[in-house]
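Visitor: Please take me through one part of this model closely. Then set that part in its surroundings, one step at a time.

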Amino acid sequence: MTGVEIILAAAFAGALLTWFIGRTSSTAGSAFAVAVLLALTALVALLHGRVYETVFYRGFLGLPMSLRTDSLSWFFAMATTVLAALSGIFSLSYMKDRKNTGFFNTMLLLVNAAMLGVVFSGDLLSFFIFWEIMSWSTFLLISFNRGQGVNAGLKYIVMSLVGSMAMLVGIGWLLGAFGTLNIARLSELIPSASGGHQLVLLLLFGIAFGIKNAVMPLHTWLPDAYTEAPSPFTAVLSGMLTRMGIFGFLLILYVMAGAARVLHSPGSTVPTYNVVLAWLGAVTIVVPTFIAMLQNDAKRLLAWHGIGQGGYMILGMAFGTGMGLAGGIFHTLNHAIYIVLLFMSVGAVQHRTGGVRDLNSLGGLARKMPVAFIGALMGISGLIGVPLTNGFVSKWMIYRTLILGGAPFLAFAALIGSWGTILSVYKFLHNVFLGQLPSKYENVRSSPVSMKIPILVLSFAILLFGILPGLPLKVIDGIVVSFGLPSLDVSLWGIASEAGTLNTVNLFAALAVGVLVVLAFVRILGRSERVGQDSNYSAGCGVPRDRYNYTARYYDPLFRMISPYLKDFFSTLYDGLARGIGSLCEAVRMIYTGYVSSYVMYILLFISAMIFIHLTWNPW
Amino acid sequence: MVNPVLLLAVPMGLAFTVPVIERITGRVSRWVPVAAMLFNLVLCVRLIPAVLEGPVIVQLGGFVPPFGINLYVGPLGLFFAGLIALAGLVISVYSLTYIRTGPLARYHMLYILLLVGATGVALTGDLFNLFVFFEILCISSYALVAYNGDRAGLESSVKYLIQGSVGSSMLLVGIGMLYGIFGTLNMADIARSVGMVDQGVLFVPLIFMLGGLGVEAAIFPMNAWLPDAHSSAPSSISAVLSGIAIEVGLYAVARMVFTVFGISDLFLFLAFLGVLTLLIGEMCAFAQSNIKRMLAYSSIGQIGLILFALAVASGVTVTGGLFQFVNHTFSKGLLFLSAGYLIYRSGSMEISSLQGMGRRMPLTSLAFTVGSFSLVGLPPFAGFPGKFLIVRGALERGGTVIVVLTGLVLLCTILEGAYFFRVVQALYFREGISGGSGERAPAAAAVAMILLMMLILALGAYPQFAETFLRSAASDLMGAVEHVGSVL
């Protein structure tokens, strides 16, 4: 067995074992699950720099199923396992006193194993199989919380099935046209296929990956799913699982269709496809970010950002230059880090407040839950793209690509998205952690250790990748080069390019000087006075507690102004469609009237109609 | 080599000993179906090597075909006989404890007769013989549908009887016309001379036979008996009716179209009819709140899917269709068997009353879930290879109409997913009344369900084995010339 096979075997066997161990003792099961995830992380890390392909199974309908690893697979696999391991640690205390912990752990490991299978697949058949296992286990996990989760899960699996059926048609067609499903072989064959064929394939696969990555207008499953899933799983779902869509897009565009090669050659449909995709990405940035601003549920607010940030990735990736591609991939990683961090912070708050995530009833928790607060603060800094956090670097790369690539409108869209992000995440931070502490939360305790560890690790990662972006960018540069694009000039501190250099040392120095100057001024000139947490609002005057309430209806004027334009039109449309199909089914059911005389009539009518048609038109 | 006639003779003999055994000792009679089907299964396995070398032709009574009746035991026939034996065995194990009240001896006798009829239809090489076995199959199923003796059972049994009789008469009329044209009822003999007769003359008997067999095969619009009959029969019988009886009906249709008549002009129409049956079945299933009716309508849908696969008539799709036969037998069998105890414990067939059963009956709920996933066609269960083969073959064959129909088939999969996942969620993720333990399914039922789950998983993970055999079964179905050559 080669390395990849061992990893996958361990991942699936680990899931199965977790089930059996969890049946005897749920604590042992959870501990074992974390151990498996950590071991997988180590195994994947060992695979760094290896490039090979191996056939692992020949028993499926005569099609060899293979696994491969290269820089792209490794990058996604690494991000997946690390984040899954952190989520596993987080879930130790989150899931502790709940029912069905064993089931949760098993499914978490199964999802993780399926994701690893997806990124390591060397052919589209294995890809599809792992993809489907990923989908149905995700469905079970989204439904896990019951209540609204049931509807969210059903919505997810139905949309996911739409995507996978489109993919199945694409795969069937590829097999018919080229006689192989091996990705390496297909990447040699597809570029020579006709433009029409390419377009259909890109469309079919695009539906599948667009649904998974929640590109507008295929995004409607995501807000419900993120909101209703148990928080540790929301972290996994938002971090890497949704981004399997990005992985898929990279796979069809750059590996299989060879976008890097054909992007600037005439007669190919890939350029048009890229442009459409980039515009969809831009729409996906703008609209959801503003919808996020209107949310009063912490997880739902973040969920809409999950959609919006996916737009940045699509935008960077679809633009097709080395810098944009690297920016898109880097943003995938960065987004995963800070969104997981944010969902963990919310999860910690939920854990301690008894499941509350309503932004209008929380507040002032910063003192009570300092680690969760640090996590949320770092997370939103990354999400906004504050300099010296990781989000800044990838957004910088995407902006730069768009401006230099002569796409000012797309750049503007991305910029508007950033404004919306700032407004909405400030609302999030303020309404949960700042402001006045409602009296019922006076006795809230700090987060448990197993929640603190992943939060601190991820907060550190945000700073690390913000100050030393060269660490991940070296790997990403390897991916870009493997797609056939020129290498970026990456140093540990940033990127040099002909059109402008990113150097985080300079940024760091500038920021440090700025902070020092302000500090000096405050020291020398300022006379400060300490006020209590409750009394800052009214400049020291006493306000009755719990009446400090401007957090409800935050941004109310803006809300009134823009909300008529921000209806989730597609969600309404799909719901209407589902209802329409439902009533159509009810109508069709009336064929079976319940009267045996009409049933006999059907039989006789069929025979006589056939004979009549035969005698009259003789079509057969 | 063992004589394939034993596949029919031994179970039939055993069936008629059941009342006698019942008289002597009441405890043994329920084991007779198990023994009969075990015997058939072993026999089928032993016949595999011989059949793979070439079809085994058995001349009944020593008369040479076309003058005598012959059995045609090719890969396809053996495949069906084996499938019937395996499913029959598992379901009879389930029935050991599931069927507790009522005229037990009659149940077991009719159960064996039903399976003998099905096996006979799959193995015979003679049209009239086919009709006879068909009647054995149908009449025993009319009786078994009413086994519970309740109002719904009797009503749907009578409805089934009326429609089935109309179908049988049509079939008989068709067979009579063929005898008038060809002067023979041997399938191979008709197939040999079918090219010499005007196609227009053949059309009327073909339609009569299609209409007659279509009733049992549950092809739209002849399938109105099915939802009533399948939902009011005891669950073990529903499993047999869905998993075996209608599939055998569809096999007979395919045998007529491919081997006996050998006309390819009708394939596109049949593909349409298949997709229409699929669409209507799935849409009606979607609208159901009664679990057994939902499963029954889903069977209509599956028959439509298989009819589509067979009518596309490329080697890959026919193999896929046959694969789907296996998957449907196992999955729908598993679904009905697990639903049987879910209904028994919850006391109602409404899906809403099954809420929270995942906690009360973990194994049964798991069985239902596995069956659902497999029927929707999710990997790594048995439904996926079949669906994959069908889609692959249909797209390979190409043509705008076929591609559009394939799209419709996949849309139906989404609908199917929606209603099955709804039930899975009800079992596990909706709050229901919580009961204590000790109400789990009894051992015999558990054994049957575990066996089916293992078969589904094995077939999903290693489809190669089945596919190799099914490919020769598919060429057996499509090769009319070889059929003629080996019989005459």
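This is a predicted model: local features need pLDDT of at least 70, side-chain atom pairs count only at pLDDT 80 or more; totals for chains, interfaces and linings use all residues.

Guide: A:L388 counts as partly exposed, because 17 C-beta neighbours lie inside 10 Å, and a buried residue would need 20 or more. The residue sits in the loop between α16 (370-384) and α17 (390-404) of chain A. Its backbone deserves a look. A:L388 is not a glycine, yet its phi is positive, at about 75 degrees. Most residues other than glycine have a negative phi.

Look for it in the loop between α5 (124-142) and α6 (148-178) of chain A. A:R146 is partly exposed, because its C-beta neighbours inside 10 Å number 16.

Stay with the loops of chain A and go to A:L434. This leucine lies in the loop between α18 (408-433) and α19 (449-467) of chain A. A:L434 has 18 other C-beta atoms within 10 Å, so it is partly exposed. Which residues does A:L434 contact, once its neighbours within four places in sequence are left aside? They are A:G364, A:A366 and A:L429. Take A:A366 from that list. A:A366 and A:L434 are 68 residues apart along the chain, but their C-alpha atoms are separated by 6.1 Å.

Peptide bonds come next. Most of them are trans. The bond that joins A:M216 and A:P217 is cis, with omega about 5 degrees. A:P217 belongs to the loop between α8 (195-212) and α9 (221-228) of chain A. Now turn to chain B. There the peptide bond from B:F220 to B:P221 is cis, and omega is near 5 degrees. B:P221 lies in the loop between α8 and α9 of chain B.

Back in chain A, pick up a helix. α3(A) covers residues 71-94. How many of its 24 residues are buried? The count is 22, so α3(A) is mostly covered. At 1.5 Å a residue, 24 residues should span 34 Å, and the end C-alpha atoms of α3(A) are 34 Å apart, so the two agree.

One partner of α3(A) is α20 (residues 470-482) of chain A. The two axes come within 8 Å. They cross at roughly 145 degrees, and the crossing is left-handed. On the α3(A) side, the contact uses A:S71, A:L72 and A:F75. On the α20(A) side, it uses A:V475, A:I476, A:G478, A:I479 and A:S482. Five of the contact residues are nonpolar, three are polar and none is charged.

Step back to chain A as a whole. It has 24 helices and five strands. Its radius of gyration is 26 Å, close to the 25 Å that the globule rule gives for 620 residues, so chain A is as compact as a globular protein of that length. Along the principal axes, the C-alpha trace spans about 105 × 65 × 55 Å. Buried residues account for 56% of the 620. Take the contacts in chain A between residues at least 6 apart in sequence: 78% of them join residues at least 24 apart.

Chain B can be read in the same order. Its secondary structure comes to 20 helices and two strands. A compact globule of 488 residues would have a radius of gyration near 23 Å, and chain B, with 21 Å, agrees. Its C-alpha atoms fill a box of roughly 70 × 60 × 40 Å along the principal axes. Of the 488 residues in chain B, 66% are buried. Among its contacts with a separation of 6 or more, 80% involve residues 24 or more positions apart.

Finish where the two chains meet. The contact takes 43 residues from chain A and 49 residues from chain B. On the chain B side, the elements that give two or more residues are α6 (151-182), α8 (199-217), α9 (225-232), α11 (267-286), α16 (383-397), α17 (400-429) and α19 (463-478). Which element gives the most to this side? α17(B) does, with nine residues. By type, the chain B side divides into 34 nonpolar, seven polar and eight charged residues.

Terms used:
Residues are numbered from 1 along each chain as its sequence is written. Chains are lettered from A and ligands numbered from 1 in the order in which they are written. Axes are lines fitted to C-alpha atoms, for helices over the stretch in contact, and angles run from 0 to 180 degrees between N-to-C directions. Helices (H or I, at least four residues) and strands (E, at least two) are DSSP runs, numbered from the N terminus. A crossing is left-handed if the near helix is turned anticlockwise from the far one by less than a right angle, and right-handed if clockwise. Two residues are in contact if their C-beta atoms, placed from the backbone, lie within 7 Å. Ala, Val, Leu, Ile, Met, Phe, Trp, Tyr, Cys and Pro count as nonpolar, Asp, Glu, Lys and Arg as charged, and the others, Gly among them, as polar. The radius of gyration is taken over C-alpha atoms; the globule rule is 2.2 Å times the number of residues to the power 0.38. A residue is buried if 20 or more other C-beta atoms lie within 10 Å of its own, exposed if 12 or fewer, and partly exposed in between; C-beta atoms are placed from the backbone. The expected span of a helix is 1.5 Å times one less than its number of residues.
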